[in-house]
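Could you take a look at this one with me? I have jotted down a few spots worth checking by eye.

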Amino acid sequence: MQNISVIGSGTMGNGIAHVFAQNGFKVSLVDISEAALEKAVKTITKNLDRLIAKEKITEEVKQSTLANLTTYSKMEEGVKEADLVVEAATENVDLKLKIFEDLDRLTKPEAILASNTSSISITKIAACTQRPEKVIGMHFMNPVPMMKLVEVINGYLTDESTTNFVVDMSKKIGKVPVPANDYAGFVANRILMPMINEAIISLQNGVAGVEEIDTIMKLGMAHPMGPLQLADFIGLDVCLSIMRVLQEGLGDDKYAPSPLLVNMVQAGIKGVKSGEGFYDWVEGNNKALVVSKRFK
């Protein structure tokens, strides 16, 4: 199977398209926005140039990667030949259910449909299709070209051949697939997001400042990035969405999102993507510069 379709050209989508294309697969990158597709190709090109500068790949690999990539603004054109579709749209339940309804109608009956969701039930997504046995989760980590893990999530009806195929494909693109069962947040975010939320609550309660919280976790727990900086990098809106999925799915108020997190997202403060979160960010620069003036 050589044809891969990726739905959504944002941070995760362009990263997933990048790694499949770099490893020799024909990739269709699908997004309703032509501007978003153009930005995605520029991002992939820039990331390939960085790999060349670090002597990780050659110019020839860059050119073959870009040649393997085709963009589409109409889903029906971008998925009709797909053997595997990886959906990487915004973490919104209704949007993902609609996408999978469309994918079930537009793709070949034998195509495997995967979601990059970080918290939404694969079983619920699969129920929108006529092929639940071929629906699975492929939860990539950000930044996709660098991070090795793929959390492979089996829905209630996902069959063994689908799981084996996705595990094999993950290995072919240089990733380490690790299986998990279909519970809210799976493993990664069931553990990570409550930690981030608790860091935000600690800030809200005045236990310590932004830099202090992040420094304690980096130096004391050997985390490469503090939880507040990581929240900015993930997107505060995404963190909020996942906390709400955990709270609803597990039925426990200990997963209730911090009021500070809720207020920041409602105010349009979302981290790197908006230029401000717990830190101030320069557009296109994934390095925190200074703590946001709101927290000084």
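Below are some numbered points on backbone geometry and on one helix residue.

1. Keep in mind throughout that this is a predicted model.

2. Start with the backbone, where most residues other than glycine have a negative phi, and most peptide bonds are trans. Against that background, have a look at the peptide bond between Asn142 and Pro143: it is cis, with omega about 0°. Pro143 sits in the loop that runs between β6 (135–140) and β7 (149–154).

3. Next, Glu55. It isn't a glycine, yet its phi is positive, near 60°. You'll find Glu55 in the loop between α2 (34–53) and α3 (59–67). Its relative accessibility is 71%, so Glu55 counts as exposed, the cut-off being over 50%.

4. Ala222 is another non-glycine residue with a positive phi, here about 60°. The loop between α9 (210–221) and α10 (227–234) holds Ala222. With 65% relative accessibility, Ala222 counts as exposed.

5. Now for Met243, which belongs to helix α11 (residues 236–250). Is Met243 buried or exposed? Its relative accessibility is 1%, and buried means under 20%, so Met243 counts as buried.

6. What does Met243 touch, neighbours within four places in sequence aside? The contacts are Met193, Pro194 and Asn197, plus Tyr255, Ala256 and Pro257.

How values were computed. Residues are numbered from 1 along each chain as its sequence is written. This is a predicted model: local features need pLDDT of at least 70, side-chain atom pairs count only at pLDDT 80 or more; totals for chains, interfaces and linings use all residues. Side-chain values use heavy atoms; hydrogens and water are left out. Helices (H or I, at least four residues) and strands (E, at least two) are DSSP runs, numbered from the N terminus. Buried means under 20% relative accessible area, exposed over 50%, partly exposed in between (1.4 Å probe, protein chains only). Contact means heavy atoms within 4.5 Å.
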